[in-house]
Amino acid sequence: MEESIQIGAYTLLSDFQMKDGGNCEWTFASKDGETYFIKKLLSPVYPNANASMSENTRKRKQKICDDFKEKSEHLFQEIRNASKGNSIAPVDFFVHDGRFYIVTEKVDAAISFKELAKKSEEQKMIIMKVLAYEFGALSVKKIVHSDLKPENLLIKKTIDGFYTVKIIDFGESFFQNAVPDPDSLKGDQVYYSPEFVTAIKKEAGESITPKSDVFALGIIFHEILCGKRPKTGKYNYLCEAVLNDKAIEIDTSIPKKFHDLLRNMLKKSPKERYSAGKVFRDLQAIEKLR
């Protein structure tokens, strides 16, 4: 950037970049000597006072934005209330020149998930238990992250030399009783749950609940334990394989004591799938087997 740009109380440190080709652009910004991650949403946008449109259209767009603002503020507050310290909820949410901006603290990852897969089982267990516990807390509030993937789980080193994990990017999150329109559902297909797929395709299926995140966690746990995702056979994604009743193949390098847990996290039906709380309790039981 040739000159500093001010967005609300924040000074941009670089130009905005497109995030995953989705509904937002992002960059870093500073405020009071601290650096933050700031995301600009491309929609909805408050109608410009000078734009040519009918009064009904203006009111409709205004209401869409007002509703979005109210729902988002409530959701972000509930994430903060639910978090046990590992969810990076927005610290600021505001409107500037008609556009919505989401601000979170800047978190730097110490190691990647590929590096984590090479660590000790004890360290892997810490990360998996933290994730299960945190998502259990979020599920009590019926919050669905909906974009769970390694890129949104940042591994940090603790003062005692171990690692913990921070969950970021709640921009696509929602309450299970307020699932967005199918055309608005986002995420990474690699980590879609079966019910997420049927919802996007507008097909009859089971509702999206926090157990959708548990399916994504099952894939991520598999990666943590062996460095690879479960095999999908002729299918591009595990959700497709599961929807077509393909049996889950757990990599043989993963200790047997984890196999039942992973299979129960990756069940086709969310009614049969483990909850995050049950995942946490099973991890505790597995830990005692050592």
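Me: Contact means heavy atoms within 4.5 Å. Which residues is leucine 131 in contact with, leaving aside its neighbours within four places in sequence?

Reply: Leucine 131 contacts Leu153, Val165, Ile167, Leu217 and Phe221. This is a predicted model, where local features need pLDDT of at least 70 and side-chain atom pairs pLDDT 80 or more, while totals for chains, interfaces and linings use all residues. Numbering runs from 1 along each chain as its sequence is written, and side-chain values use heavy atoms, with hydrogens and water left out.

Me: What makes a set of residues a nonpolar core, and which members of the largest one touch the most others?

Reply: The members are buried Ala, Val, Leu, Ile, Met, Phe, Trp, Tyr and Cys residues, joined through side-chain atoms within 4.5 Å. The largest such core has 60 residues, and Leu131, Phe221, Val279 and Leu283 touch the most other members. Helix 5, residues 211-226, gives the most to this core, with ten residues. Helices here are DSSP runs (H or I, at least four residues), strands likewise (E, at least two), numbered from the N terminus.

Me: Why are helix 3 and helix 5 called roughly antiparallel?

Reply: Helix 3 spans residues 121-140, and its angle to helix 5 is about 175°, with the axes 11 Å apart. Axes are lines fitted to C-alpha atoms, for helices over the stretch in contact, and angles run from 0 to 180 degrees between N-to-C directions. Under 35 degrees is roughly parallel, over 145 roughly antiparallel, 65 to 115 roughly perpendicular, and the rest oblique. Helix 3 and helix 5 are therefore roughly antiparallel.

Me: Which residues meet there?

Reply: Lys124, Ile127, Met128, Leu131 and Phe135 of helix 3 meet Asp213, Leu217, Phe221, Ile224 and Leu225 of helix 5. By class, the contact of helix 3 with helix 5 has eight nonpolar, no polar and two charged residues. Ala, Val, Leu, Ile, Met, Phe, Trp, Tyr, Cys and Pro count as nonpolar, Asp, Glu, Lys and Arg as charged, and the others, Gly among them, as polar.

Me: How do you know the orientation of helix 3 to helix 8?

Reply: The axes of helix 3 and helix 8, residues 276-287, cross at roughly 150° and come within 7 Å. Helix 3 is therefore roughly antiparallel to helix 8. Helix 3 supplies Met125, Met128, Lys129, Ala132, Tyr133, Phe135 and Gly136, while helix 8 supplies Ala276, Gly277, Val279, Phe280, Leu283 and Glu287. The contact of helix 3 with helix 8 divides into nine nonpolar, two polar and two charged residues.

Me: Why is aspartate 169 called buried?

Reply: Buried means under 20% relative accessible area, exposed over 50%, partly exposed in between (1.4 Å probe, protein chains only). Aspartate 169 has 12%, so it is buried. Aspartate 169 lies in the loop between strand 10 (163-167) and strand 11 (174-175). Its phi is positive, about 60°, although it is not a glycine.

Me: What makes aspartate 245 exposed?

Reply: Its relative accessible area is 60%, so aspartate 245 is exposed. Aspartate 245 sits in the loop between helix 6 (238-243) and helix 7 (259-265). Phi of aspartate 245 is near 60°, again positive in a residue other than glycine.

Me: Why is lysine 61 called partly exposed?

Reply: Its relative accessible area is 33%, so lysine 61 is partly exposed. Lysine 61 belongs to helix 1, residues 55-82. Not counting residues up to four places away in sequence, lysine 61 touches Pro47 and Met53.

Me: What is omega for the peptide bond from serine 43 to proline 44?

Reply: Omega is near 0°, and the bond is cis. Proline 44 is in strand 5, residues 34-45.
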